[in-house]
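Please open the model in a viewer and keep the selection panel at hand.

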Amino acid sequence: MAQDSGGPKAVDKWFDRASPTYRCVVDPTHQISSLFGWVNVPSAAWIDEDGRIVRSNEGVYPAETTYRFGIGKVRLGDGAFARATRDWIERGADSEYVWSSRELAERLRPVDDDTLLAEATFKLALHFEATGDSERARRHFAAAEHLAPDNWNYLRQGWTHTGTAYAHLKVLRRTNHLRKNTDKSYYDPTGLPDENYHRFVEPEWLWTPAVWRVKQLLRR
Amino acid sequence: MTLIILANGKTNEVSQRTDANGALWVRLDELRGATGWQMKPEGACLGELCVPLPPDRREDWIADADDWVWFCYSDFADMIGQKHVRDGDVWSLGSVPEVRRAGLESAIAPDFEVTERNGDTLRLSDLRGHKVVLFTWSSW
């Protein structure tokens with residue numbers, strides 16, 4: 001499910017490249033993330049034959065993924081979620097990765113008033129973006145960002161309205177700020193036992209020896 | 001004159017009451033299409049959820065004007081805790097808290113209807129009886 005206010009025009013090339021054998025939809029209004037309470041991509045849910053959610057996570061890359069992110073690269077994901085998904089498909093409710101009732105209650109928490117207001121505000125921004133009223137779109141994207149500062153879907157979609165390069169720079173700056181000043185991570189841990197990669201978005205270029213050397217020199 | 005109501009992932013153009021005074025009034029015959037709610041004898045209903053209208057507000061919230069019967073949706077939304085934001089003639093409605101709460105308690109996946117790339121309509125509830133892996137991504 002491609003969640004993108006640009007609609008098919010923005011996402012078709014990715015679908016075409018993947019040659020998918022699964023069902024594909026485009027969700028320009030972020031309707032499905034609102035319903036499932038997701039705040040980042042990629043996110044996923046397992047839904048059993050009775051329509052019950054039995055697991056829901058964010059940051060669920062199907063394989064080890066290296067992503068060029070503006071001027072840097074980030075390493076995102078290993079195969080933990082894919083392995084767990086295969087296990088659930090084969091074993092169903094017997095899979096050790098299915099959430100218990102207690103885990104479901106802890107993870108699927110009710111949302112507060114600001115989150116609900118942010119949702120309505122973000123949808124208003126998307127409407128004005130779609131109708132070409134950029135000034136009002138920016139204003140409402142900013143309001144949604146203020147109300148829900150941890151919702152990366154709102155932040156990144158709103159920043160992308162200004163421009164892709166601008167959005168990449170904002171993500172780098174914000175993730176670096178979070179890494180240095182808070183204990184928040186870009187993705188919530190999935191809680192999978194074999195999840196073993198560094199989940200924070202961390203641009204590799206910051207840690208190359210050459211850059212490290214320049215930073216040391218600048219500190220003198 | 002018309003209004004735009006953004007709700008449930010859809011954009012709906014509806015009639016505008018001339019003397020709305022800043023409130024969101026929706027014609028009863030347009031209410032379900034625009035918001036999902038419909039008026040029944042037991043109150044305002046959204047699927048199986050029905051909310052009785054407070055007897056002392058009923059006359060304030062349902063009124064004749066411009067030759068039609070109108071419902072003061074913004075006051076009703078305030079009562080049920082549904083957030084709404086307005087900019088000019090565009091109103092955006094957030095999720096209905098009670099629907100979200102019920103979904104959390106049951107862990108039943110919220111239903112939705114979307115159009116697939118090939119033009120088919122996909123309803124999540126049509127996939128009952130199958131395991132579903134729902135996966136989001138984006139180009140940004």
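Begin by selecting the contact between the chains, to which chain A contributes 53 residues and chain B 40 residues; two residues are in contact if their C-beta atoms, placed from the backbone, lie within 7 Å. This is a predicted model, in which local features need pLDDT of at least 70 and side-chain atom pairs count only at pLDDT 80 or more, while totals for chains, interfaces and linings use all residues. Residues are numbered from 1 along each chain as its sequence is written, and chains are lettered from A and ligands numbered from 1 in the order in which they are written.

Next, select β13 (132–136) of chain B, a strand (a DSSP run of E, at least two residues, numbered from the N terminus). With five residues, β13(B) gives the most to the side of chain B that touches chain A.

Now turn to the largest nonpolar core, of 37 residues, where A:A125, A:A144, B:I5 and B:V26 have the most contacts inside it. Such a core is a set of buried Ala, Val, Leu, Ile, Met, Phe, Trp, Tyr and Cys residues joined through C-beta atoms within 7 Å, buried denoting 20 or more other C-beta atoms within 10 Å of a residue's own, with C-beta atoms placed from the backbone. Apart from this core lies another, of 26 residues, including A:V11, A:F36, A:I47 and B:L134.

Finally, centre on A:A125, which touches A:A137, A:H140, A:F141, A:A144 and A:G158, not counting residues up to four places away in sequence.

Terms used. Buried ≥ 20, exposed ≤ 12 C-beta atoms within 10 Å, placed from the backbone. Helix = DSSP H or I, 4+ residues; strand = E, 2+ residues; numbered from the N terminus.
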